[in-house]
Amino acid sequence: MNRIDRIYIDSKLPHFYENLIEDFTARGEFVDIMTACNSVLDDHVLTDFKGVIVYRSAVEDHVYEITSHGNFSRTGVENKTINSQFQTWPPMQRWDPMTIDPESRVVGFGYRHRAFLNAYYGIDIDALSPTGIVNKFFSERGKNPDIISDSNKRQLLKNTTSASKIHSALKSNPEIYQRLVDFKDLVIDGFIVDESSTLTPVLLKEVLKNHVKANLGKYFWRADFDNS
């Protein structure tokens, strides 16, 4: 039985997650991110990560988020074409729908872009006000606010979001995220999926999502958040 079929079958079992950690550990493909970093998330651990990361509670029976990092093109169950544009994805730079903030030592889940834009720029994105601040925002970027449609203004505002800005704004408005979880209350598991693997990050993420929903208690997936 190939690895993909075995993982699909085994994922129906209650102890699949523990067994998966053992399997990836034996292959040298598992990273206990919090322990490896001594509870400090350094850049070098996550910069070149490829695979799936599971953010789960250290004190309760639920998973906050499962993220995949890197994309492979698949032409069949066994055959895989490596995407020529494949890039590793540094989770430290991820901000939607969650973010890791090493300075504040929290992970935020359930991003609210309206709260961010208000906290960082002082702009109400729905009303596009105050008008003076909105006009200054675009003028400083060499754009004439009088000839930009409201929908394009809102999109351009959203496009300025970055991890560093999120981390800065969190200090003044923690409500940018629906839920902030302290490092000490988290376990972050990293399952490395290399290009040579028969798995893909997205495939493994979907298997884990289904397993968690069926066996590990509450799963706070994106649909459970108000991502306004």
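User: Looking at strand 2, is that strand mostly covered or open?

Analyst: Mostly covered: six of the seven residues in strand 2 are buried. Bear in mind that this is a predicted model.

User: Okay, and what does strand 2 pair with on the strand 3 side, and how does that pairing run?

Analyst: Strand 2 and strand 3 run antiparallel, and six bridges join them. The link between the two is a hairpin of four residues. If you want a spot to check, Ile53 stands opposite Thr67 in strand 3.

User: How many bridges join strand 2 to strand 9?

Analyst: Seven, and that pair also runs antiparallel. Here Val52 stands opposite Phe191 in strand 9.

User: Switching to packing. Which residues touch the most other members in the largest nonpolar core?

Analyst: That core has 20 residues, and the ones touching the most other members are Leu20, Val54, Phe191, Leu204 and Leu208. At least two core residues come from each of helix 1 (3–10), helix 2 (16–26), strand 2 (51–57), strand 3 (62–69) and helix 9 (201–215).

User: What does Leu204 touch?

Analyst: Leaving out residues up to four places away in sequence, Leu204 touches Leu20, Phe24, Val52, Phe191 and Val193.

User: Which residue just after helix 2 has a positive phi?

Analyst: That's Gly28, with a phi of about 70°.

User: New topic: in what order do the strands of the three-stranded open sheet come?

Analyst: The order is 6-7-8, with antiparallel pairing. Strand 6 (98–101) and strand 8 (177–182) are the edge strands, each pairing on one side only. From one strand to the next, the twist averages 20°.

User: How many bridges join strand 7 to strand 8?

Analyst: Five bridges join strand 7, residues 106–111, to strand 8, and the two run antiparallel.

User: Which helix lies across strand 6, strand 7 and strand 8?

Analyst: Helix 8, residues 163–170, lies across those three strands and runs at about 75° to strand 6.

User: Before I set anything up, what's the mean pLDDT of the protein?

Analyst: The mean is 81, and 79% of the residues reach 70 or more. Confidence is highest in helix 6 (residues 131–139), at a mean of 96, and lowest in strand 10 (residues 218–219), at 56.

User: Where is the pLDDT below 50?

Analyst: Over residues 221–228. In the model, that stretch has 25 contacts beyond near neighbours in sequence.

Technical notes
Residues numbered from 1 in each chain as written. Predicted model: local features only at pLDDT ≥ 70, side-chain atom pairs only at ≥ 80, totals over all residues. Heavy atoms only, no water. Core = buried A, V, L, I, M, F, W, Y, C linked by side-chain atoms within 4.5 Å. Buried < 20%, exposed > 50% of the residue type's maximum accessible area, 1.4 Å probe, protein only. Contact = heavy atoms within 4.5 Å. Pairing = 2+ DSSP bridges. Axes fitted to C-alpha atoms, helices over the stretch in contact; angles between N-to-C directions. pLDDT = per-residue confidence, 0-100.
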